[in-house]
Amino acid sequence: MASRAAAAIAVLALVCAAVHSSEGQLSPNFHAATCPDLEHIVEFHVAETFRRDVGVAPALIRILFHDCFPQGCDANRSLDVADLVSLSGAHTFGVAHCPAFEDRFKPVFDTNPAIDSKFATSLRNKCAGDNPAGTLTQNLDVRTPDAFDNKYYFDLIARQGLFKSDQGLIDHPTTKRMATRFSLNQGAFFEQFARSMTKMSNMDLLTGNKGEIRNNCAAPNRRVQDIETATTGDEGIAADM
Ligand code: HEM
């Protein structure tokens, strides 16, 4: 439970960091004058949601990498080996759908990188029941699926990493040493993870009049405006009839 709470707090900090931009750099004080209690408000709501659904923590962390920031960014530009090994450690919790990892056992068990045959058999058996396709989920970390810890790296050593990109970290000469170190030293993983997340959240940062703060986070303001205009237009037509 302690590690779950820690994950929630880490996510909260990351989300706050992502929205605080000023003068080309992230600033933890960006909302100090306009909304001094922001962090407590966000913390309260994230903690509340997290209590009901632990899946909210991986979903939020994933947003930073996969969906990146307001206008999207090239998350591959410039990241180094330490970033790759530590950020992949975000797969210490959360889930994936069968189509995302079935190449590990289809048409045969993966040999490049090699997969534990019992693990591959369990994935194959599970995904045999994935009907309609993409409805079943598999934990990314088979040891401690809901905890933000370093057990993901144990998975890799046991050849139970879910994706090729995960499993490959323990084979490749440039990443093996660090992945092994993180399995032995959770503190070192946490430290590098925080550093790499901060680095990633500073990439392609849009400040000043570049980009926009969305009124509705699901769509750019322009698109929402177009939809509203179209809807108002329809109402006008209906009123004329
Ligand atoms: C190295 C390249 C990466 C690849 C190829 C990759 C691929 C994937 C895939 C295929 C899924 C499952 C999607 C699904 O089936 O629904 C996933 C889930 C996830 N990824 Fe990654 N990922 C990568 C890096 C990262 C990074 C850098 C982070 C965060 C720092 C991250 C965080 C997550 C999380 C937390 C989930 C679980 C989401 C949830 O349960 O809602 N991934 N990733």
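Me: Where does Ser183 sit?
Reply: Ser183 belongs to helix H8. Keep in mind that this is a predicted model.

Me: Buried or exposed, that Ser183?
Reply: Ser183 is buried, because its relative accessibility is 7% and the cut-off for buried is under 20%.

Me: And what is Ser183 in contact with, leaving aside neighbours within four places in sequence?
Reply: With those neighbours set aside, Ser183 touches Asn150, Tyr153, Phe154 and Ile157.

Me: OK, back to H8. At what angle do H4 and H8 pack?
Reply: Helix H4, residues 81–88, packs against helix H8, residues 176–184, at about 45°. Their axes are 10 Å apart. That angle makes H4 oblique to H8.

Me: Is the crossing of H4 and H8 right-handed or left-handed?
Reply: H4 and H8 cross in a right-handed way.

Me: Which residues meet there, between H4 and H8?
Reply: From H4 there are Ala82, Val85 and Ser86, and from H8 there are Met178, Ala179 and Phe182. By class, the H4 and H8 contact has 5 nonpolar residues, 1 polar residue and no charged ones.

Me: What about H4 and H9, how do their axes cross?
Reply: The axes of H4 and helix H9, residues 186–201, cross at roughly 110° and come within 8 Å. H4 and H9 are therefore roughly perpendicular to each other, since angles of 65 to 115 degrees count that way.

Me: Which residues make the contact of H4 with H9?
Reply: H4 supplies Ala82, Asp83, Ser86 and Leu87. On the H9 side are Phe189, Gln192, Phe193, Ser196, Met197, Lys199 and Met200. The contact of H4 with H9 splits into 6 nonpolar, 3 polar and 2 charged residues.

Me: Which residues are linked with Asp83 and Lys199 in a network of salt bridges?
Reply: Asp80 is linked with Asp83 and Lys199 in such a network.

Me: How many salt bridges does the structure hold?
Reply: There are 9 salt bridges in the structure. One of the pairs is Asp110 with Arg104, whose closest N and O atoms are 2.7 Å apart.

Me: Are Asp110 and Arg104 buried or exposed?
Reply: Asp110 is buried, with a relative accessible area of 9%. Arg104 is buried as well, at 0%.

Me: Which residue does Arg51 form a salt bridge with?
Reply: Arg51 pairs with Glu48, with 3.1 Å between the closest N and O atoms. Both residues lie in helix H2, residues 38–52, and they are 3 residues apart, about one turn of the helix. Arg51 counts as exposed at 60% relative accessibility, whereas Glu48 counts as partly exposed at 28%.

Me: And Lys106, which side chain does that one meet in a salt bridge?
Reply: Lys106 meets Glu102, at 3.5 Å from N to O. Glu102 is partly exposed, with 26% relative accessibility.

Me: Zooming out. How many helices and strands are there?
Reply: The protein has 10 helices and 4 strands. Starting at the N terminus, the order is α-β-β-α-α-α-β-α-β-α-α-α-α-α.

Me: What share of the residues is buried?
Reply: Of the 241 residues, 34% are buried.

Me: Last one: of the contacts with a separation of 6 or more, what share joins residues 24 or more positions apart?
Reply: Those pairs account for 66% of such contacts in the protein.

Notes: Residues numbered from 1 in each chain as written. Predicted model: local features only at pLDDT ≥ 70, side-chain atom pairs only at ≥ 80, totals over all residues. Heavy atoms only, no water. Axes fitted to C-alpha atoms, helices over the stretch in contact; angles between N-to-C directions. Helix = DSSP H or I, 4+ residues; strand = E, 2+ residues; numbered from the N terminus. Parallel < 35°, antiparallel > 145°, perpendicular 65-115°, else oblique. Left-handed = near helix turned anticlockwise from the far one by under 90°. Contact = heavy atoms within 4.5 Å. Nonpolar A, V, L, I, M, F, W, Y, C, P; charged D, E, K, R; others polar. Buried < 20%, exposed > 50% of the residue type's maximum accessible area, 1.4 Å probe, protein only. Salt bridge = Lys/Arg side-chain N within 4 Å of Asp/Glu carboxyl O.
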